[in-house]
Amino acid sequence: MVQFANVIVYSYQYMLDPKVAGIISKEMQKESVVVFDEAHNIDNVCIEALSVSVRRQTLEGATRNLNKMTQEINRFKATDEGRLRQEYNRLVEGLAQRGNLPISDTWLSNPALPDDILKEAVPGNIRRAEHFVSVLRRLIQYLNGRLDTENVEKEGPVSFQHNIYKEAGIDQKMLKFCYDRLHSLMLTLEITDTDEFLHIQTICDFATLVGTYSQGFSIIIEPYDERMPSIPDPVLQLSCHDASLAIKPVFQRFQSVVITSGTLSPIDLYPKLLNFHPVVSRSFTMSLTRDCICPMVLTRGSDQLPVSTKFDMRSDLGVVRNYGRLLLEMVSVVPDGIVCFFVSYSYMDQIINSWNETGILKEIMLHKLVFIETQDVVETTLALDNYRRACDCGRGAVFFSVARGKVAEGIDFDRHYGRLVIMFGIPFQYTLSKILLSRLDYLKETFQIKEGDFLTFDALRQAAQCVGRVIRSKADYGMMIFADKRYSRHDKRSKLPGWILSHLRDAHLNLSTDMALHIAKEFLRKMAQPYDKTGSGGRKTLLTEEDLKEMGETRM
Amino acid sequence: MCRRASGEVKPERDIFIKHFKNIPMADMEIVFPEKKNPTLTPLDWMKFLISAVVGLVTVAGSIDMPKADFCHSIICDWLLCYDIFQCGKDSASIRSSYADERSWESLQEDESGLLRPIDNLSLQHAQYRRRIRNLSSPHTFARIQKGLIRYLYLVLDLSKAAGETDYRPTRMAVMAKYVELFIREFFDQNPLSQISLVTVKDGVAHNLTDLGGSPESHIKSLMSNLGCSGDASLQNALDLVHGYLNQIPSYGHREVLILYSALSTCDPGDIMETIQYCKESKIRCSVIGLSAEMFICKHLCQETGGSYSVALDESHFKELLLEHAPPPPAIAEYAVASLIRMGFPQRAAEGVISICSCHKEAKVGGGYTCPRCKARICEVPTECRICGLTLVSSPHLARSYHHLFPITPFDEISPTLNYQPDMSRGKCFGCQLSLSKSGNNSNKPSLCVSCPKCKQVFCLECDIYIHESLHNCPGCESLRHSR
């Protein structure tokens, strides 16, 4: 199908994640133009594509898979030894093993990408199926042993390779070929149910990645989740720190790659993160017929005390109350839907509890219904559905959601579904996370990006992403409130995308609740007036055919 | 706040006096906000005379006094008196009246920094022309049928939100004030139509007055029932109105005008169904919002063919409300011609005592008598209580007539054309005043308009008068008569 289509639209994991890309994207031509839309999170996707986490369940599952494979091998030995023999011969010849595919197209399908991997032959000690299975058993055993640790351990790939050689006798080259060898074995054994064999595949991915890369990765073993230290839940994570690794083959393979999003800001940071040289890099302003977005930075509550979700202030009762008053005032003047974003689930729970105790939540419910996003997808979908219904029938509703949650990323709150979005605080990442810390270290060493800069960039793009949910077309209108005193600082504010900044007037930078309320009232009245959709005078936003011709001529 | 005369009143010294005639009009309004031209009240005159006597005594005390100084001192005394008198008044009341009239809004600063009153006339005229153009644009070519017999339910949202004070003094008071105006204007323009008032409070809709043609009874009943509480419910209001309007005969145009100040609606069921019922019953629902755009209101208006608007401020609200006074174009499939039986009752002689059919009591004096059943009726237009005949008077019919044949909007003539002698001969055809010097500032050439049919030229005042009140073009009429 792929080669007959003119335009192919799919999730960009299909292009970036090597495991999937091998199946789907291998038939693309070099001349194809690749467009990554909504690519503000592309670095995270790249990193996720090359990160593997191994838990106890994974290891147990993998052991089961191996048992099954051993059975299969024995069965084949008894019935059809010729096949195994044939495979062995193929590997000996050092051919690329997957069917009859032309060799130039095989690169995309390997999780580790350097070209040299395919030119080498599979090492001798894993060529035989039973040998390979026993190598995998040793690997799993070793990983099991590592997971038994009591402390958090952090290691680079090189020392991990060294350890594994010492303990289990598996060298780097064997690790490197795990993925290919497994694949070949599964083909030979005619195993089609890949879902069942997911666990062993994860282990092989892990092995191949560890064996291939000596830089840009780290292996972190955590015996328990930091938020719940009493429950043992050991996890071994191979985390990639270098987003450029996964996207590099795409840049090499295709002639033109376009990366675009509404919230790519600051735009000069992306080439650094992804390690490429942009041919053209442009930031476009929005052409709007009227000022239909109204961003505001709210720094103080109605009692003039500063509000913030800074660590030392977030549980302050005054701040919680001021946030509550802000929402309460806003629900009484904004029609239909309001969306609120909090910095984390735990903070949302805490603040809603405290609003409930002080009766603020009850007062909010007098004006609008309240819906809350939870970590459960089904529950959230139900809440969203009812939220939409409440907006439709005029009852009005508030949706409490979390930045970086599912809702913040993919759900639109356009038109009356979101007339106002309030961003409570700055959504910084959980800075004590080991993975984040090691990534920050890596970024600092390799790309000279300061920790603070990266954290702010990441938080602000999330914030922009959240508030960008409310406006999806020119006919739409919406207000955005950034409720944190830190937004008024230049280093934070300047990282917001241009289309928000251009509407952020100086007078709206340091507001208190009552001032914001007044502005909101005025804005909503103004936006409710009928207007000329095509734009009038100098603010023409729709091009006619003549305009296009004229533009064409001036270009000539 | 007040401008005082500089220097004290001492006859021996030079005295600086600011004469009133040097103070620009704009400043004057700031000094005396409630007075356009300060004149002397009897009390002032008394004070002035007393001070004059005191002044004369001082003059007598000093021996050689120049005559000019003498005059000055009198004026100064008077000025001070006036100042004291003004300051003595309760300053709070001045402040409140100052804020209420918003006199600063009628001023604007020109390029040299002087305050000038805004040229209200041309602004008003521009506004009016826009309105005329909007009204006439869709049906300049096709003649549109209009519903002259309207049955309008006016729904007032008296929920908690109506008590908010962003309109002064409250939204509710402003609503009531302009609803009164609207009702009068409505009956003036649609003498054959009827109104009923409905209020929504505590989530329940009440029918305040039944359908009727008497503005006074509606207004009286509204004023005695003001008071806001609870939530608003759009569905309850629509259900109530739908129940009543369904019984209206088919020639009547069913309309609902909702003045909505709340931002949510608290409904017992599915409002979408109710909207569909209204659509099926061909009820035209319009909403005027007082605070912000609501999706459900917009949806309602779109579905039922009404208009939705949101008021910016008090004057805008008035404008939006009065836009609903002229009859709307009829819905296409609804506009079938049908004959209606009407009676033209005679006015009874004065001093006759008869039993009134509408009040159910004996009444003295002039009422009307139904031509079919001879019952006495107090007011027309109405429906006879006894035999159900529609009763109107012939002027009512005549007054409704102009909506069907509106005068075409006049063309604006650019000021340069104005000076062509053959074109206008410098006079307005309506009021016969010279066009060149009409308008208060002579440096700007005044605008004028001409009728596209008879090519006569009119001034702006006449333009508004002809379109809004007269509904006949004097030029075309005289042409027809002379022929």
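This is a predicted model: local features need pLDDT of at least 70, side-chain atom pairs count only at pLDDT 80 or more; totals for chains, interfaces and linings use all residues.
## Chain A at a glance

A residue counts as buried here when its relative accessible area is under 20%.

Chain A has 23 helices and 13 strands, and its C-alpha atoms fill a box of roughly 80 × 70 × 45 Å along the principal axes. Take the contacts in chain A with a separation of 6 or more: 80% of them come from residues 24 or more positions apart.

The largest nonpolar core has 121 residues. Those with the most contacts inside it are Leu327(A), Met330(A), Trp355(A), Phe400(A), Ile422(A), Phe424(A) and Phe482(A). Helix H13 of chain A, residues 317-333, gives the most to this core, with nine residues.

Phe482(A) is a handy place to look around. Setting aside neighbours within four places in sequence, Phe482(A) is in contact with a run of residues from Pro295(A) through Met296(A) and Val297(A) to Leu298(A).

## Helix pairs in chain A

Two packed helices are described by the angle between their axes and the distance between the axes. H13(A) and helix H15 of chain A (residues 360-367) pack at an angle of about 10°, with the axes 9 Å apart. Angles under 35 degrees count as roughly parallel, so H13(A) is roughly parallel to H15(A). From H13(A), the residues Arg321(A), Gly324(A), Arg325(A), Leu327(A), Leu328(A), Val331(A) and Ser332(A) take part; they meet Ile360(A), Glu363(A), Ile364(A) and His367(A) in H15(A). That contact divides into five nonpolar, three polar and three charged residues.

Now for helix H4 (residues 56-79) and helix H10 (residues 198-212), also of chain A: their axes come within 7 Å and cross at roughly 110°. That makes H4(A) roughly perpendicular to H10(A). On the H10(A) side are Leu198(A), His199(A), Ile200(A), Thr202(A) and Ile203(A), which meet Gln57(A), Thr58(A), Leu59(A), Gly61(A), Ala62(A), Asn65(A) and Leu66(A) in H4(A). Here the tally is six nonpolar, six polar and no charged residues.

## Covered spots

Helix H3 of chain A (residues 42-49) is mostly covered, with six of its eight residues buried. The buried ones are Ile42(A), Asp43(A), Val45(A), Cys46(A), Ile47(A) and Ala49(A). Leu189(A), found in the loop between helix H9 and H10 of chain A, is buried too, at a relative accessible area of 2%. Leaving out residues up to four places away in sequence, Leu189(A) touches Met69(A), Glu72(A), Ile73(A) and Phe76(A).

Over in chain B, Gln194(B) lies in strand E4, residues 194-201. Gln194(B) is buried, with a relative accessible area of 12%. Beyond residues up to four places away in sequence, Gln194(B) touches Arg150(B), Tyr151(B), Leu152(B), Phe186(B), Phe187(B), Leu211(B), Gly212(B), Gly213(B) and Thr382(B).

## Cysteines without partners

A disulfide is a covalent bond between the sulfur atoms of two cysteines. The count over all chains comes to zero disulfides, using a sulfur-to-sulfur cut-off of within 2.5 Å. For Cys393(A), the nearest cysteine sulfur is that of Cys391(A), 8.6 Å away. Cys393(A) is partly exposed, at 27% relative accessible area.

Cys384(B) is in no disulfide either, and the nearest cysteine sulfur, that of Cys373(B), is 3.4 Å away. Cys384(B) counts as buried, at 4% relative accessibility.

Most residues other than glycine have a negative phi, and most peptide bonds are trans. Asn275(A) has a positive phi of about 60°. This residue's place is the loop between helix H12 and strand E7 of chain A, and Asn275(A) is exposed, with a relative accessible area of 52%. Arg415(A) also has a positive phi, near 45°. Arg415(A) is in the loop between helix H17 and strand E11 of chain A and is partly exposed, at 40%.

In chain B, a cis peptide bond joins Arg168(B) and Pro169(B), with omega about -10°. Pro169(B) lies in the loop between strand E3 and helix H6 of that chain.

Definitions and conventions:
Residues are numbered from 1 along each chain as its sequence is written. Chains are lettered from A and ligands numbered from 1 in the order in which they are written. Side-chain values use heavy atoms; hydrogens and water are left out. A nonpolar core is a set of buried Ala, Val, Leu, Ile, Met, Phe, Trp, Tyr and Cys residues joined through side-chain atoms within 4.5 Å. Buried means under 20% relative accessible area, exposed over 50%, partly exposed in between (1.4 Å probe, protein chains only). Helices (H or I, at least four residues) and strands (E, at least two) are DSSP runs, numbered from the N terminus. Contact means heavy atoms within 4.5 Å. Axes are lines fitted to C-alpha atoms, for helices over the stretch in contact, and angles run from 0 to 180 degrees between N-to-C directions. Angles under 35 degrees count as roughly parallel, over 145 as roughly antiparallel, 65 to 115 as roughly perpendicular and the rest as oblique. Ala, Val, Leu, Ile, Met, Phe, Trp, Tyr, Cys and Pro count as nonpolar, Asp, Glu, Lys and Arg as charged, and the others, Gly among them, as polar.
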